[in-house]
Amino acid sequence: MQLVVGRIGRPHGVRGEVTVEVRTDEPDLRFAPGVTLVTDPAPAGPLTVERARWHKGILLLTLAGVEGREAAEALRDTLLVVDSTDLPPIEDPDEFHDHELIGLTVVTTEGERVGEVSDVLHHGQDLLVVARPSRDEAYVPFVKALVPEIDLGKGILVVDAPPGLLDAAEVE
């Protein structure tokens with residue numbers, strides 16, 4: 001499975017430097033000089049980082065072979081990806097990569113099937129997006145009190161939802 005770690009944005013300056021919308025917790029590792037990045041679409045890459053620097057909170061990359069503003073502009077909206085098998089395992093048993101959670105079957109503490117994790121949002125507090133048959137999506141804060149158990153082997157995520165959290169209207 002390919003995981004997006006960044007998206008190339010607008011060019012910066014006239015020498016071919018690009019801005020990057022970072023989508024990883026480890027930008028200094030993922031975008032270090034010498035790292036080769038796989039791209040989506042594939043024909044845009046692979047791209048090798050020559051230089052990485054931060055400017056006013058924005059990551060700027062100099063990429064091998066990308067010279068001039070036009071070449072940088074041609075890469076705009078290119079996704080930078082890594083293979084999920086290349087990620088190091090997380091040592092903390094209570095932490096997970098997003099791709100490990102997406103697709104898990106969501107059940108209540110009583111064993112009632114609720115739906116499936118379709119996405120993980122990172123907006124101040126991590127939220128699990130639960131797709132439910134014939135119902136609106138539910139958003140479950142990803143905290144131990146509400147998600148007491150995750151069994152990757154069985155493909156199950158248990159939710160201990162307070163009243164109202166999973167009570168969305170049915171979709172017609």
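Student: Where is the place of Lys 56?

Tutor: This is a predicted model, in which local features need pLDDT of at least 70, side-chain atom pairs count only at pLDDT 80 or more, and totals for chains, interfaces and linings use all residues. Residues are numbered from 1 along each chain as its sequence is written, and side-chain values use heavy atoms, with hydrogens and water left out. Helices (H or I, at least four residues) and strands (E, at least two) are DSSP runs numbered from the N terminus. By that numbering, Lys 56 is in the loop between β4 and β5 (58-63).

Student: What is phi of Lys 56, and is Lys 56 buried or exposed?

Tutor: Most residues other than glycine have a negative phi. Lys 56 has a positive phi, near 55°. Buried means under 20% relative accessible area, exposed over 50%, and partly exposed in between (1.4 Å probe, protein chains only). At 77% relative accessibility, Lys 56 is therefore exposed.

Student: Where is Ser 134, and what is the value of its phi?

Tutor: Ser 134 is in the loop between β9 (125-131) and β10 (138-141). With a relative accessibility of 54%, Ser 134 counts as exposed. Its phi is positive, near 60°.

Student: Which residues does a cis peptide bond join, with omega about 0°?

Tutor: Most peptide bonds are trans. The bond from Asp 40 to Pro 41 is cis, with omega near 15°, and Pro 41 is in the loop between β3 (36-40) and β4. Pro 46 is also found in the loop between β3 and β4. The cis bond with omega about 0° joins Gly 45 and Pro 46.

Student: Which side chain meets Asp 77 in a salt bridge?

Tutor: A salt bridge is a side-chain nitrogen of Lys or Arg within 4 Å of a carboxyl oxygen of Asp or Glu. Asp 77 has such a pair with Arg 7, at 2.5 Å from N to O. The two are 70 residues apart, with Asp 77 in the loop between α2 (69-74) and β6 (79-83) and Arg 7 in strand β1 (residues 2-12).

Student: Why does the pair of Glu 17 and Arg 53 tie together parts apart in sequence?

Tutor: The side chains of Glu 17 and Arg 53 meet in a salt bridge of 2.9 Å, N to O. Glu 17 lies in strand β2 (residues 17-22) and Arg 53 in strand β4 (residues 47-55), so the pair ties together parts 36 residues apart in sequence. Glu 17 is buried, with a relative accessible area of 11%, whereas Arg 53 is partly exposed at 26%.

Student: Which residues are linked in a network of salt bridges?

Tutor: Glu 21 and Arg 23 meet in a salt bridge of 2.8 Å, N to O. Glu 21 is partly exposed at 34%, and Arg 23 is partly exposed at 39%. The count of salt bridges comes to 5. The network links Arg 7, Glu 21, Arg 23 and Asp 77.

Student: How many helices and strands are in the protein chain?

Tutor: Of the 172 residues of the protein chain, 35% count as buried. The C-alpha atoms fill a box of roughly 60 × 40 × 30 Å along the principal axes. The chain has 3 helices and 12 strands.
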